[in-house]
Each structure stands twice: as C-alpha cells, then as structure tokens.
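Dear colleague,

Please find the structure below, handed over for your use. My findings follow directly after it.

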Amino acid sequence: MKQRVITAVIALAIFIPILLAGGVWLEVAAAALAAVGVFEVYIMRKRIIVSFDFLVTILGTLALVVPNGFYRGWFPKSFSRLDLFYVFAVILLIITVLTKNKFNFEDAGVSVVSMLYIGTGFHYLAAVRNSDPGLGLLMYALIVVWSTDIFAYTFGRKIGKHKLWPAISPNKTWEGTIAGIIMALILSGVYMYFVPQEYSMTTMLMIAFVLSIMGQMGDLIESAYKRYYKVKDSGNILPGHGGILDRFDSMLIVLPLLHIFGLV
C-alpha cells in the first residue's frame, strides 16, 4: 500500500501540471505514454522488442497520436492520420512476406489493433484537452471514469455478491458495477452544476451513463487480454499500480467516445 501511495503521489505531481498546461506538453506526453503502451503489449506477447515490426508498430501508433494538423505542409492537403496509419498497416503485412511468416498475419493483426486502440485513445487525451471545451470536458470524463472505478471497487468489496463476468475478471460484481454507474452520474452532475458544459445537463448525464458503462468495459477488455497472455499487470513502470495500460484502460475507450458523441 505504501508503494502504491508513493507512486500515485509522484505520478500525479508529474501528470497534473502537464494536464493543466495542455498544448504541446500534453501532446508529447500522450505520444510517450502510447509508445510505452505498445512496449507493454509486446512484452505481454513475449515478442522481440528489437525488431522491425516493433518499430513499425510504434510509428503507426504515433501516426495516430499526433494532432490532426500535424501533417499540414508535409503531405498533400487531403492526407490524414488514418492514411499514414494505413501505410504502416500495409508495411506490417509486407513484413509477413519478407520474414516468410515468422511474423505472420495474426501477429500483424494484433499490431494493427494495438495501434488503433492505443494510438486513438492517447490521441484524444491531448485532443480533448486542447479542444475548445478543453480542460473542463476532460475533467468531466475523468470524473466519470474515476468515480466509476473507485465506487465500483468499494461497493463491490462491501456488498458485492453476484459476479459480473468471472471468466474474465473474477472480482467484479453487478452490485459494484451498478454502484459505480450511479455514483458517476451523481458526481458528474455535481461537477456540471458548477462547471456547465456546452450541452444540457440531461444530455451530459445520458452521455455520462454510457461513458461509465464503456469505461468498465475498457477495464474488462484489458482484463481479457491480460488473462489471455497470462499476466497480472500490463507492465511494471508504475510500482504498485502496474503498467500504463493498467492505468489508462478505461480512458482509452472513453476519450474517443467524446469525439463520437460530438463533444470534441
């Protein structure tokens, strides 16, 4: 517990100023976090880090993380992040040929999904903060995710009896899940009372309801692939807390939804 507290204090002392500063500072931080996330995927899979496919996967991820306007002046006007991502996906497929399937189609598939999952998630960490709604909207998302996580865990331990999905995450319960959603709605509602958002309270609460559910799904998604790879944590960069993917599993699903819902 002491190690967890120390790590949390240090991490917050570094992360909060970057979050408040936003701009290029957060864009660089998002890129660094994404690169570590890809590293963790390769370690979980027991893949060789010093390899061409790892380099391509890192570059493809970073191609998605960077801001939308990053490519202006470098490529044709119609060029986008997704175009460059496609180029790197094709390169991964070419590697399957060049290596005579030592790096095969399934390996390429995992790398492509990792690029999309990690790259898009961390892209919107910076994009949400640097948008017009800015820090207020990002705090709304963080409150939904953190309150869901904290109260789902707390109520699940105290009153949880009915397992949510034991084959994937044996400790999660329906009672905890429901309590997490309710508390996320309450706390996000209180936040929006003091920090009004662009849309109505009713609309934002409906979105918070979906975000709370999908945040927990993001947690379950990470539990699923960790269970598949037979690891307890995605990494050990954060002593007592695991890896970067362990800390951002919910946010990687929630943040892109803010864009899909038209908030960014």
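A nonpolar surface patch is formed by W174, I178, I182, I186, L187, V190, Y193, F194, V195 and M201, with about 980 Å² of accessible area together. Patches are made of residues with over 30% relative accessible area and no salt bridge, where nonpolar side chains (Val, Leu, Ile, Met, Phe, Trp, Tyr) are joined within 5 Å and like charges within 9 Å. A salt bridge here is a side-chain nitrogen of Lys or Arg within 4 Å of a carboxyl oxygen of Asp or Glu. Accessible areas come from the Shrake-Rupley method with a 1.4 Å probe, and for residues only the protein chains shown count as cover. Helix α7 (residues 174-194) gives the most to this patch, with eight residues. Helices (H or I, at least four residues) and strands (E, at least two) are DSSP runs, numbered from the N terminus. V195 lies in the loop between α7 and α8 (201-229); V195 counts as partly exposed because its relative accessibility is 30% (buried is under 20%, exposed over 50%, partly exposed in between, with a 1.4 Å probe and protein chains only).

The model is predicted: local features need pLDDT of at least 70 and side-chain atom pairs count only at pLDDT 80 or more, while totals for chains, interfaces and linings use all residues. Residues are numbered from 1 along each chain as its sequence is written, and side-chain values use heavy atoms, with hydrogens and water left out.

The unreviewed UniProt entry places "transmembrane region" features at several spans, including 78-98 and 176-195; UniProt positions are given in the numbering used here, feature names are shortened, and annotations may be inferred rather than shown by experiment. Residues 176-195 are 95% helix and 0% strand, with end C-alpha atoms 27 Å apart. For residues 78-98, the corresponding values are 86% helix, 0% strand and 31 Å.

The domain assignment, automatic or from a database, gives domain 1 (1-129) and domain 2 (132-263). The contact (heavy atoms within 4.5 Å) takes 24 residues from domain 1 and 27 residues from domain 2. Their centres, taken over C-alpha atoms, are separated by 21 Å.

M251 is in helix α10 (residues 251-260) and counts as buried because its relative accessibility is 6%. M251 touches A141, L142, V145 and P256, leaving aside residues up to four places away in sequence.

K100 is in the loop between α4 (81-98) and α5 (105-129), and has a positive phi of about 55° although it is not a glycine.

Yours sincerely
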